[in-house]
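Me: Please take me through some labels used for this protein. I want each one set against its cut-off.

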Amino acid sequence: MTAVSPWADADVEPLRALARKFCEKEIEPHIDRFVSQHHVDRDLWRTAGELGLLCLSIPEEYGGGGGTFAHEAILIEEQARIGDSSWGAAMHSGIVAHYILAYGTEAQKRHWLPKMASGEVVGALAMTEPGTGSDVQGIRTRAVRDGDHYVLNGAKTFITNGGQADLVVVVAKTGDVSDGAQATSLILVETEREGFRRGRVLDKIGQKGQDTAELFFDDVRVPVDNLLGETEGAGFVQLMQQLPQERLIIVIGSVVAMERALEQTTAYTKDRHAFGKPVFSFQNTKFTLAEVATETKIGRVFLDDCISKHLRGELDIQTVAMAKWWLTEKAMHVLDKCLQLHGGYGYMTEYPISRLWVDNRVQMIYAGTNEIMKEIISRTL
């Protein structure tokens, strides 16, 4: 049993029972179906909204739970503990909603946030493009002013919630593409608009139940009022301000994956016999699990410190970059060791360790590759 984290105080921890019951009842029995259909059921969003599990850290005046990031972290942990990577609630509540809360007009916040909190509207963030990856400044999607509208043209890929999203925060250039960061803006785009179309839900090696999709914008006309922020060209700064929370969300999933792998592998090696005795009794197994337990404990302490700092407004960009690269790589190291201790069965899809292994590999890539994280860290040295 994992010790209670210092940030999960008496105001936060009671949420865990509701989040755990929801995940165990509404998600866990359906994971295989979500994987086969490549998306969760739309009713899952509405059920979560009815229970108050969406937009937990959005103020009550905008329909949210009125909590903090600690409340979001509880739900992220409980979803990760059942081994689900299909439901994009963390993107919806912890990322997209916060772009609107931080930079939206009062009218935008009152219109969109209650609908996101209820599950009526699903949100996505469209940043990555086929030719840009982690290079945010290299984005080619254009939003050209035409009277009271922007006309959007471009393509996005690897978009979490892309298959079901009703509202997309689109990263686009409102100035000359060659101006890089200075020309970048964030624009709210409703997916019902003419000229918007979804491409395929992408066939990934892991996270197969997540509707990660391609999005296309062909002369999509959007009111100028859909701009996030008071002026054009503020998008790059807005992204840099919000990316630390996105990276922290990823780290939560990585640490819980390590904890699950340790628990599952310890149980498996004690139950599995080879050469007439439990696999756990072999020195290699015990020493490997001792290393995994130590690395997992260090990971949890690092994560808890980052969450505590974030709640106090003290988590800086370089520290969360350190956490993102180190803990996502450490998670894959731990998962690989645990899969190895399962022997051939670790390679079988019916064993949870195999899904953990493939689902977590992408953590080292998205929200800025780990190579980008090291670049960020090096600038502070």
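Reply: Some labels and their rules follow. This is a predicted model: local features need pLDDT of at least 70, side-chain atom pairs count only at pLDDT 80 or more, and totals for chains, interfaces and linings use all residues. Residues are numbered from 1 along each chain as its sequence is written, and side-chain values use heavy atoms, with hydrogens and water left out.

Me: Why is Y347 called exposed?

Reply: Its relative accessibility is 65%. Exposed means over 50%, buried under 20%, partly exposed in between (1.4 Å probe, protein chains only). So Y347 counts as exposed. Y347 is in the loop between α9 (317-341) and α10 (352-360).

Me: What makes the pair Y99 and Y103 tilted?

Reply: Rings of Phe, Tyr and Trp (its six-membered ring) pair if their centres lie within 6.5 Å; planes under 30 degrees apart are stacked, over 60 edge-to-face, the rest tilted. By this rule there are seven aromatic pairs. The centres of Y99 and Y103 are 6.3 Å apart and their planes stand at 45 degrees, so the pair is tilted. Both residues lie in helix α5 (residues 89-103), four residues apart, about one turn of the helix. Y99 and Y103 are both buried.

Me: What links F22, W45 and W87?

Reply: Ring pairs link these residues into a cluster.

Me: How do you know that the charged end of R197 sits over the ring of F216?

Reply: The rule asks for NZ of Lys or CZ of Arg within 6 Å of the ring centre and within 35 degrees of the ring normal. The charged end of R197 is 4.5 Å from the centre of the F216 ring and counts as over it. K115 lies over the face of W112, 5.8 Å from the ring centre.

Terms used
Helices (H or I, at least four residues) and strands (E, at least two) are DSSP runs, numbered from the N terminus.
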